[in-house]
Amino acid sequence: MTRVERIINEVAQLEPAERAEVVERLLESAPLEMDEEIETAWKDEVRERLARVRAGKAKLIPWEESKRRLLAR
C-alpha cells in the first residue's frame, strides 16, 4: 500500500465534516496555478459544500462506495 493510499484510508474513517475539512485544506494548500477567478469559484464551492455537510444537508457516500462506483465506470 502506498503512502497516499494509507492517508486516503485514514481520512476515509473520519466523520463526514472532518473529511470535508481535509478536502478544503488540501485544496487551499495545493500549489496550483490557475486563473484567480477560477480559484475563487472553487474555494467558494468548497466552502458551500462544507457548510452543507456541517449543517447535515448533504448526503455523503462512504469512501468504499465511492471507490466502487468510480472503478465501475
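**Exercise 1. Determine which helices supply the nonpolar surface patch, and which residues form it.**

*Solution.* Step 1: α1 (3-12) and α4 (63-72) each supply at least two residues of the nonpolar patch. Helices are DSSP runs of H or I with at least four residues, and strands are runs of E with at least two, numbered from the N terminus.

Step 2: The patch consists of Val-4, Ile-8, Trp-63 and Leu-70, with about 360 Å² of accessible area together. Patch residues have over 30% relative accessible area and no salt bridge; like charges are joined within 9 Å, and nonpolar side chains (Val, Leu, Ile, Met, Phe, Trp, Tyr) within 5 Å. Accessible areas come from the Shrake-Rupley method with a 1.4 Å probe, and for residues only the protein chains shown count as cover.

Step 3: Ile-8 lies in helix α1 and counts as partly exposed because its relative accessibility is 37%. Buried means under 20% relative accessible area, exposed over 50%, and partly exposed in between (1.4 Å probe, protein chains only).

*Basis of the values.* The model is predicted: local features need pLDDT of at least 70, side-chain atom pairs count only at pLDDT 80 or more, and totals for chains, interfaces and linings use all residues. Residues are numbered from 1 along each chain as its sequence is written, and side-chain values use heavy atoms, leaving out hydrogens and water.

**Exercise 2. Describe the helices and the surface of the protein chain.**

*Solution.* Step 1: The chain has four helices and zero strands, in the order α-α-α-α along the sequence.

Step 2: Of its 73 residues, 8% are buried. The chain exposes about 6500 Å², and carbon and sulfur atoms supply 54% of this area.

**Exercise 3. State how many salt bridges the structure holds, and examine the pairs Glu-28 with Arg-47 and Lys-43 with Glu-39.**

*Solution.* Step 1: The structure holds ten salt bridges, each a side-chain nitrogen of Lys or Arg within 4 Å of a carboxyl oxygen of Asp or Glu.

Step 2: One of them joins the side chains of Glu-28 and Arg-47 at 3.8 Å, N to O. Glu-28 lies in helix α2 and Arg-47 in helix α3, so the pair ties together parts that are 19 residues apart in sequence.

Step 3: The side chains of Lys-43 and Glu-39 also meet in a salt bridge, at 3.3 Å, N to O. These two residues are separated by about one helical turn, because Lys-43 and Glu-39 are four residues apart in helix α3.
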